[in-house]
Amino acid sequence: MKKGLIGILLAAFFISLFGLSPERTSAASISITNGTDWVDTAGNPINANSGNILQIGSTYYLYGEHAVSGTFDSVNVYTSTDLKNWTFKNAILTKNSATELNSSKIERPKVIYNAATGKYVLWAHYENGTDYGLARVAVATSSTPDGNFTYQGSFRPLDYESRDMTVFVDTDGTGYLISASKKNGGANDTMAVFQMNASYTGVTTFVGWLFENSYREAPAVVKKGSRYYLFTSQASGWYPNQGAYATATSMTGTWSALTNFGNPSAFATQIHDIATITGSSATTYIYMADRWNPLDLSDHKHIWLPLTLDDSSGTATLEWYSDWSIDAATGVVTTPSLVNHAQGKTATASSVASSSSASNANDGNYTNAWAASSSSWPAWWQVDLGSVKTITEVDISWFMYKGSEGYYKYKIEISNDGSTYSTLDMTSNTRYGFTTDAVHFTARYVRINMVSAVLWNNPSNWYTPTLHEVKLLGPSTPEATGYSQFASYNYPTYYIRHYNFAARIDPSVSPVGDSQFRVVTGLASSSGVSLESVNYPGYFLKRNSSSKIVLEAFANTTDYKADATFLIASGWADSSKVSLQSYSQPGYYIRHYNYVLQLDQITSSSSTTDKSDATFTRTSF
């Protein structure tokens with residue numbers, strides 16, 4: 001790097017962990033979607049696990065590792081100007097960069113900038129390709145943020161064991177290594193802090209031990225004002241667990257006691273870094289985490305959440321958002337305007353342990369829990385929302401016992417009258433600790449039916465059914481509180497109804513709820529409508545692959561939403577009536593043929609019978 005550029009960087013950019021502060025750009029607000037597979041601008045998976053973000057001018061550099069079959073393949077870097085659209089730039093370190101990388105593990109890589117040397121320095125946890133016995137750090141350097149890094153080797157810092165680690169550059173330019181180490185005989189039993197040398201390529205001083213015998217790992221450090229926050233997870237392998245943080249006014253301590261953040265599984269994540277986004281209007285802190293599937297480590301998700309750091313109290317708060325937005329230029333974060341309709345409402349359960357209450361699972365406190373009175377399965381918990389509400393997301397914080405983690409097989413059961421229930425079947429679930437389900441229903445009662453739990457290290461399920469928190473999120477106003485019926489134009493006493501999940505027209509429908517539908521805003525487009533069954537909340541009329549109309553449970557897919565959306569048009573046979581045009585098949589309308597509903601193409605030249613069969617009288621209640 002040229003000395004002139006170094007001078008500019010020294011004068012204008014170097015202030016934090018990222019080494020550099022941004023120039024302002026005109027970036028617009030973008031949406032961060034969690035729990036999905038992230039792809040780069042070429043449509044390829046973003047292979048950058050457990051890394052960090054470095055900011056240079058108006059460009060963000062995202063670093064992270066990529067493993068193949070559990071062994072190191074590369075550390076990759078991606079660039080973006082808006083924190084959403086990432087372009088792959090380079091594999092800055094690969095298994096071919098040095099002989100000892102040919103068969104190895106490189107985990108939790110972090111890149112920092114050294115203003116004095118003009119070098120970018122990569123640190124990572126290093127192990128051989130078969131086990132975790134070496135407990136070393138690896139270091140590599142480069143003159144550019146996205147060039148090929150030169151491998152400097154691996155070592156134990158001052159001969160201390162080092163596994164999960166992070167690095168931090170203070171505002172005075174001092175570098176630190178924070179690592180899960182061993183003090184009293186157990187791997188990762190105590191965390192260690194080291195001060196780096198001037199070039200950030202080694203350590204010179206052992207600063208001290210932290211959280212003795214607490215078995216903490218996954219450290220991440222952020223500084224706000226004069227306060228330092230150190231976030232860690234428990235040591236539970238690839239399984240999620242309760243995250244916690246400590247604070248101090250100096251990196252050398254004294255550090256506070258650990259305080260929990262998030263829910264009991266840190267929303268099924270493990271932290272790897274805190275990104276500081278300094279905007280023209282606000283400074284935002286992003287909790288960057290991995291979501292691993294312990295049953296398939298190739299199934300990895302990036303989870304980013306806005307983190308609130310309170311200056312006055314020195315506290316950190318993390319809440320779950322499936323989607324949220326940030327403007328990288330201004331630093332302004334926007335979170336969804338969804339309401340938790342379950343909180344504080346009347347809750348009941350199949351049984352209640354003497355030390356708990358059903359209301360503990362919807363009191364807004366992740367620490368409290370409802371527990372059944374015994375380990376008998378299945379068990380259920382229910383909330384009465386008081387009136388019909390539209391719910392678009394169900395978030396459940398499950399109980400986990402560290403060392404015997406289990407995932408729940410469950411069903412979401414929904415009712416308008418507390419008697420007839422429809423079921424969203426989640427018994428295929430293999431997610432530990434926290435589940436978030438995209439749903440779409442309007443109803444009053446919601447029941448979580450816990451069918452069983454599967455313990456990863458124990459064939460016998462000894463868990464007691466337990467819920468820490470259930471959140472039912474949706475818009476503040478329900479999409480529809482009433483319902484409509486649709487009578488055939490040709491057979492005025494025959495109504496659209498569902499029967500064994502097939503749609504048809506029949507007279508004297510029993511139960512009458514099978515012919516009643518909430519007409520809500522189209523799942524695929526606000527210009528259309530979707531028809532939700534009153535008797536089966538969360539089930540919509542939709543086109544199937546044979547162009548028949550059926551009743552199916554909501555699925556959060558583009559195809560489902562399109563096939564369950566219809567455009568209301570003037571009736572083909574009578575303009576005072578309605579016809580329902582398919583959103584996914586323009587020009588095709590719902591019509592009855594031998595009393596069965598299907599999609600058919602209807603045009604001005606269609607027969608009178610076809611037009612009449614595609615026309616309905618809508619009655620609203």
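Two strands count as paired if DSSP finds at least two bridges between them. In this predicted model, that criterion gives an open sheet of four strands in the order E6-E7-E8-E9, with antiparallel pairing. The protein chain as a whole holds three helices and 43 strands.

**The sheet E6 to E9**
- Strands of a sheet pair through backbone hydrogen bonds, in either a parallel or an antiparallel arrangement.
- The order E6-E7-E8-E9 has strand E6 (104–114) and strand E9 (150–155) at its edges, and each of these two pairs on one side only.
- From one strand to the next, the twist averages 20 degrees.

**The pairing of E8 and E9**
- Strand E8 covers residues 136–142 and pairs with E9 in the antiparallel sense over five bridges.
- Ala-140 has Tyr-151, in E9, as its bridge partner.

**The chain as a whole**
- The protein chain contains three helices and 43 strands.
- Its radius of gyration is 28 Å, close to the 25 Å that the globule rule gives for 621 residues, so the protein chain is as compact as a globular protein of that length.
- The C-alpha trace spans about 90 × 60 × 45 Å along its principal axes.

**Burial, contacts and surface**
- Buried residues make up 57% of the 621 in the protein chain.
- Of the contacts between residues at least 6 apart in sequence, 56% join residues at least 24 apart.

Note on methods. Residues numbered from 1 in each chain as written. Predicted model: local features only at pLDDT ≥ 70, side-chain atom pairs only at ≥ 80, totals over all residues. Heavy atoms only, no water. Axes fitted to C-alpha atoms, helices over the stretch in contact; angles between N-to-C directions. Rg over C-alpha atoms; globule rule 2.2 N^0.38 Å. Buried < 20%, exposed > 50% of the residue type's maximum accessible area, 1.4 Å probe, protein only. Contact = heavy atoms within 4.5 Å.
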